[in-house]
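Good morning, colleagues. Please have the sequence and the structure in view while I speak.

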Amino acid sequence: MKAEWIAPERTALLVIDMQVDFASPDGALGKVGVDLGAVPAALAAAERLVGSARGAGVPVIFIGLQTSAALDSKAWRERMVRRGGDPEADSGLCRVGEPGAAFVGPTPAPGETVVGKIRYSGFFGTTLDAALRALGADTLVVCGLTTECCVDGTVRDAFNLDYHVFIATDACAAYEADLHAGALKSLELNCAILAPVDQIQRAWQRAN
């Protein structure tokens, strides 16, 4: 990977949905027995990546699900019913102001941009695109949870908005290994370049 592809002056780092409800045993998914085994390593890799970005002068933007009952997706709830699920039992992730919505692993530093979202993509109905344009960023390095869901949705929208997208593969995770691998394979085929954290770090070091 060429260092100029992710040069600090053109790049922003997106940290997606690394929040208590998705990543902590004390969060909503952990409490119902979802296997979080792949998450700690991704959180640790994301912390290293965020530290490197800050050191290189790359803006870090935290994107988090921030839900409320008034804004819950009717289509999502109906889909749960049609699949035989209970939307009441499965709703309530990352409610605004509740502990489950807090970031875990890397956390925002004072002055860093935090974007709240209500759907899978960090771009849908948010100020993310405007914030990136204001920074002059045309390139994104992306990490977060989960690879096949909100990382995937955000990366595809970013590519459709003409951003150059790089995924920090070991700073992402899914709750099932095959979903993680399949999502990365699809995203690499269609809209992103894959790179481990240490390769991205070396590129930023060469740029300084």
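Please keep in mind that the model before us is predicted.

Helix α3 covers residues 39–56. Its 18 residues reach 26 Å from the first C-alpha to the last, close to the 26 Å expected at 1.5 Å a residue.

In general, two packed helices are described by the angle between their axes and the distance between the axes. Here, α3 and α9, the latter spanning residues 197–207, pack at an angle of about 10°, and their axes lie 10 Å apart. Angles under 35 degrees count as roughly parallel, and α3 and α9 are therefore roughly parallel to each other. On the α3 side, the contact is made by Ala 45, Arg 48, Leu 49, Ser 52, Ala 53 and Ala 56. On the α9 side, Val 197, Ile 200, Gln 201 and Trp 204 take part. Sorted by class, this contact has seven nonpolar, two polar and one charged residues.

How is α9 itself arranged? Its buried residues are Val 197, Ile 200, Gln 201, Ala 203 and Trp 204. They cover an arc of only 160° around the axis, which puts them on the same side of α9. The face turned away from that buried side carries Gln 205 and Arg 206, both of them exposed. The cover over the buried residues of α9 includes α3 and the strands β1, β4, β5 and β6.

Val 58 lies in the loop between α3 and β2. With a relative accessible area of 4%, Val 58 is buried. Leaving aside neighbours within four places in sequence, Val 58 is in contact with Pro 8, Thr 11, Ala 12, Leu 13, Ala 53 and Trp 204. For a sense of scale, the C-alpha atoms of Val 58 and Ala 181, 123 residues apart along the chain, are separated by 27 Å.

The next stop is the loop between β1 and α1. Asp 17 lies in this loop. Although Asp 17 is not a glycine, its phi is positive, about 55°. Asp 17 is buried, with a relative accessible area of 0%. Met 18 has its place in the loop between β1 and α1 as well. At 0% relative accessibility, Met 18 also counts as buried. What does Met 18 touch, not counting residues up to four places away in sequence? The list is Ala 42, Leu 43, Ala 46, Ala 102, Phe 103, Val 104, Pro 106, Gly 144, Leu 145 and Ala 171.

A cis peptide bond joins Leu 145 and Thr 146, with omega about -20°. Thr 146 sits in the loop between β4 and α7.

Cys 94 is a further residue that has a positive phi, about 55°, although it is not a glycine. Its place is in the loop between α5 and β3. Cys 94 is buried, with a relative accessible area of 0%.

Finally, I turn to Phe 123. Is Phe 123 buried or exposed? Phe 123 is buried, with a relative accessible area of 10%. This residue lies in the loop between β3 and α6. Not counting residues up to four places away in sequence, Phe 123 touches Leu 128, Asp 129, Leu 132, Leu 140, Thr 154, Asp 157, Ala 158, Leu 161 and Tyr 163.

Thank you for your attention.

Definitions and conventions. Residues are numbered from 1 along each chain as its sequence is written. This is a predicted model: local features need pLDDT of at least 70, side-chain atom pairs count only at pLDDT 80 or more; totals for chains, interfaces and linings use all residues. Side-chain values use heavy atoms; hydrogens and water are left out. Axes are lines fitted to C-alpha atoms, for helices over the stretch in contact, and angles run from 0 to 180 degrees between N-to-C directions. Helices (H or I, at least four residues) and strands (E, at least two) are DSSP runs, numbered from the N terminus. Angles under 35 degrees count as roughly parallel, over 145 as roughly antiparallel, 65 to 115 as roughly perpendicular and the rest as oblique. Contact means heavy atoms within 4.5 Å. Ala, Val, Leu, Ile, Met, Phe, Trp, Tyr, Cys and Pro count as nonpolar, Asp, Glu, Lys and Arg as charged, and the others, Gly among them, as polar. Buried means under 20% relative accessible area, exposed over 50%, partly exposed in between (1.4 Å probe, protein chains only). The expected span of a helix is 1.5 Å times one less than its number of residues. The arc is that of the directions from the helix axis to the C-beta atoms.
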